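I opened a new page for this structure and will note what I look up, entry by entry.

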Amino acid sequence: MTTRVAIVTGANKGIGSAIVESLCKQFDGDVILTGRSEERCKAAVAQLQEKGLSSKYYTLDIDDSSSITKLKDFVNDNYGGIDILVNNAGISNKVGTIGERATTTCGTNYFGTLNVCNTLFPLLNPHARVVNVSSMASQEAISKCSEEMRSKFKQSNITMDELTALIQQFIEAAQNDDHEKQGFFLKPYGMSKLGVTVMTFIQQRLLNSDPREDIIVNASCPGYVATDMTLHKGPKTIMQGADTPVYLALLPPGTSSPKGDFVSERTIENWG
Ligand code: NDP
């Protein structure tokens with residue numbers, strides 16, 4: 001019998017490491033902790049071992065297509081498919097001009113996540129669960145775009161190419177300091193997560209007509225969590241932040257809701 005497998009990106013620290021810890025306790029299969037640095041991945045695995053938990057690791061930089069392809073080949077050769085994928089890796093770059101921040105933040109959070117999905121989705125098994133870790137910042141971003149821009153992101157039949165073109169337009173507008181005039185929200189992080197949330201809606205729409213049965217993808221906000229990203233200011237612990245992503249990763253077979261939703265505190269948000 002083949003071993004089931006769960007993959008978590010950006011899992012060497014923060015919320016990702018807590019998602020791995022929780023999956024090690026609850027998921028019947030191998031859990032692969034991924035991160036950019038082999039050293040940091042090994043240290044995270046050692047910390048789990050101290051708690052009596054066992055995780056594999058694999059290096060993955062979601063900004064690097066060849067790194068994503070290597071992971072795909074590794075998973076294909078060793079497991080033949082994926083049962084859980086948690087796209088947790090993300091950045092909130094606060095350094096540089098608005099154009100630079102838009103480029104790097106959307107580069108990792110939107111384009112990196114999309115690239116991981118496009119590469120790994122062919123391996124999803126029937127009943128697979130995908131969780132895209134987004135943020136309430138996506139909610140703020142959509143609500144603060146101009147009405148015209150909001151309606152573009154909210155088109156019920158928006159395609160991935162159209163979404164990608166809008167995110168690309170935001171980056172170029174930010175580079176020219178013209179993004180607010182064009183109707184975009186001013187913060188790159190919120191815009192990148194807006195992209196992740198809408199990406200999720202599109203992915204579920206496509207998966208609904210996929211021949212593989214019962215694949216569910218949801219976007220989630222972990223809440224405001226004390227991590228390096230928030231300079232440890234959030235009130236939630238990383239285990240509390242992991243709760244909703246893990247709940248979504250473990251949705252039982254045949255779940256009809258949440259499905260293609262934006263979920264916070266285990267509750268579907270009326271997004272947008
Ligand atoms: P941390 O900064 O603590 O952890 C981020 C993780 O992502 C690290 O493991 C980091 O690896 C990894 N990462 C960054 N860039 C890449 C990349 N290019 N490829 C692979 N891995 C990468 O952040 P959090 O734990 O707080 O955030 C986790 C997720 O939750 C993010 O998507 C974030 O946007 C989201 N989120 C967080 C909130 C919070 O309050 N903390 C609120 C809402 C959403 P490395 O160690 O190599 O830097």
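**Entry 1: Ser264.** I began with Ser264, which sits in strand β7, residues 262-264. I keep in mind that the model is predicted. Is Ser264 buried or exposed? Its relative accessible area is 9%, and buried means under 20%, so Ser264 is buried. I then listed its contacts, leaving out residues up to four places away in sequence: Ser264 touches Met136, Cys221, Thr244 and Glu269.

Entry 2: I looked up Pro258, which lies in the loop between α9 (238-249) and β7. The peptide bond that joins Ser257 and Pro258 is cis, with omega at about 5°.

**Entry 3: the largest nonpolar core.** I noted a general point before the details: nonpolar side chains in soluble globular proteins tend to be buried together. The largest nonpolar core here has 30 residues, and Phe153, Leu163, Met191 and Leu194 touch the most other members. Elements that each supply at least two residues of this core are α4 (98-120), α5 (136-144), α6 (147-153), α7 (160-175), α8 (188-208) and β6 (216-221). Which element gives the most to the core? I found that α7 does, with eight residues.

I picked out Leu163 for its contacts. Not counting residues up to four places away in sequence, Leu163 touches Tyr110, Phe153, Ile158, Gly195, Val198, Met199 and Ile202. I also recorded a second, separate core of 29 residues, which includes Ala6, Ile84, Ala242 and Val263.

**Entry 4: helix α7.** I checked the length of α7. Its 16 residues, at 1.5 Å a residue, should span 22 Å, and the end C-alpha atoms are 23 Å apart, so the two values agree. The buried residues of α7 are Met160, Leu163, Thr164, Leu166, Ile167, Phe170, Ile171, Ala173 and Ala174. I noted that an α-helix has 3.6 residues a turn, so residues three or four places apart point the same way. What covers the buried residues of α7? The cover includes α4, α6 and α8.

**Entry 5: Asp177.** Just after α7 comes Asp177, with a positive phi of about 55°. Asp177 is in the loop between α7 and α8. Its relative accessible area is 58%, and the cut-off for exposed is over 50%, so Asp177 counts as exposed.

**Entry 6: His127.** I looked up another positive phi, at His127: the value is about 70°, although His127 is not a glycine. His127 belongs to strand β5, residues 124-133. With a relative accessible area of 34%, His127 is partly exposed.

**Entry 7: Asn115.** Asn115 is in helix α4 and is partly exposed, at 25% relative accessibility. Asn115 touches Ser65 and Ile68, not counting residues up to four places away in sequence. I also looked up Gly52, 63 residues from Asn115 along the chain; the C-alpha atoms of the two are separated by 34 Å.

**Entry 8: the ligand.** I counted 30 residues around the ligand, and Arg36, Asn88, Tyr189, Val225 and Thr227 come nearest. For Ile62, a backbone N or O atom is 2.9 Å from a ligand nitrogen atom. For Gly223, a backbone N or O atom is 3.2 Å from an oxygen atom of the ligand. How much of the ligand does the protein cover? On its own the ligand has 900 Å² of accessible area, and the protein covers 94% of it.

Terms used. Residues are numbered from 1 along each chain as its sequence is written. This is a predicted model: local features need pLDDT of at least 70, side-chain atom pairs count only at pLDDT 80 or more; totals for chains, interfaces and linings use all residues. Side-chain values use heavy atoms; hydrogens and water are left out. A nonpolar core is a set of buried Ala, Val, Leu, Ile, Met, Phe, Trp, Tyr and Cys residues joined through side-chain atoms within 4.5 Å. Buried means under 20% relative accessible area, exposed over 50%, partly exposed in between (1.4 Å probe, protein chains only). Helices (H or I, at least four residues) and strands (E, at least two) are DSSP runs, numbered from the N terminus. Contact means heavy atoms within 4.5 Å. A residue is near a molecule or strand if one of its heavy atoms lies within 4 Å of it. A polar contact is a pair of N or O atoms within 3.5 Å; within protein, one must be able to donate a hydrogen and the other to accept it, and residues adjacent in sequence count only if both atoms are side-chain atoms. Accessible areas come from the Shrake-Rupley method with a 1.4 Å probe; for residues, only the protein chains shown count as cover. The expected span of a helix is 1.5 Å times one less than its number of residues.
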